[in-house]
Amino acid sequence: MVQQQFLLENPPSELKDRIVSLHKPYLRPIVRGKENKRVEFGMKAHILQTGGLSFIDKLDFNNFNVPG
């Protein structure tokens with residue numbers, strides 16, 4: 001109810017952490033800009049690979065950028 005009222009009074013781009021799934025409210029849309037899928041849902045991972053081993057550096061349901 002609070003989100004609907006906020007959307008009536010503000011542009012949708014200003015709504016932070018909006019609920020997109022009632023069954024999984026922690027999911028967030030991640031805009032990818034790919035040709036077949038513009039938006040993806042789920043967890044984003046930053047993985048480091050060293051000497052044949054993979055290490056998970058960061059996991060998050062929100063979009064993030066890791067400086068490289």
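## Exercises with worked solutions

Phe 41 lies in strand E2 (residues 39-41). Strands (E, at least two residues) and helices (H or I, at least four) are DSSP runs numbered from the N terminus. The model is predicted: local features need pLDDT of at least 70, side-chain atom pairs count only at pLDDT 80 or more, and totals for chains, interfaces and linings use all residues. Residues are numbered from 1 along each chain as its sequence is written, and side-chain values use heavy atoms, with hydrogens and water left out.

**Exercise 1.** Decide whether Phe 41 is buried or exposed, and find which residues it contacts.

Step 1. Buried means under 20% relative accessible area, exposed over 50%, and partly exposed in between (1.4 Å probe, protein chains only). Phe 41 counts as exposed because its relative accessible area is 53%.

Step 2. Contact means heavy atoms within 4.5 Å. Leaving aside neighbours within four places in sequence, Phe 41 touches Val 20, Arg 28 and Pro 29.

Step 3. The C-alpha atoms of Phe 41 and Asn 62 are 9.6 Å apart, with 21 residues of separation along the chain.

**Exercise 2.** Explain why Lys 44 counts as buried, and list its contacts.

Step 1. Lys 44 is in strand E3 (residues 44-50).

Step 2. Lys 44 counts as buried because its relative accessibility is 14%.

Step 3. Not counting residues up to four places away in sequence, Lys 44 touches Ile 30, Arg 32, Lys 58, Leu 59, Asp 60, Asn 63, Phe 64 and Asn 65.

**Exercise 3.** Describe how E3 and E4 pair.

Step 1. The two strands pair in the antiparallel sense over seven bridges; DSSP must find at least two bridges between strands for them to pair.

Step 2. Opposite His 46 stands Lys 58 in E4, and opposite Ile 47 stands Ile 56 in E4.

Step 3. E3 and E4 form a hairpin with two residues between them, and Gly 51 in the turn has a positive phi of about 55 degrees.

**Exercise 4.** Summarise the protein chain and its confidence.

Step 1. The protein chain has one helix and four strands, in the order α-β-β-β-β from the N terminus.

Step 2. Of its 68 residues, 13% count as buried.

Step 3. Mean pLDDT (the predictor's confidence in each residue, from 0 to 100) is 77 for the protein chain, and 85% of its residues reach 70 or more. Confidence is lowest in strand E1 (residues 29-31), at a mean of 74, and highest in strand E4 (residues 53-60), at 91.
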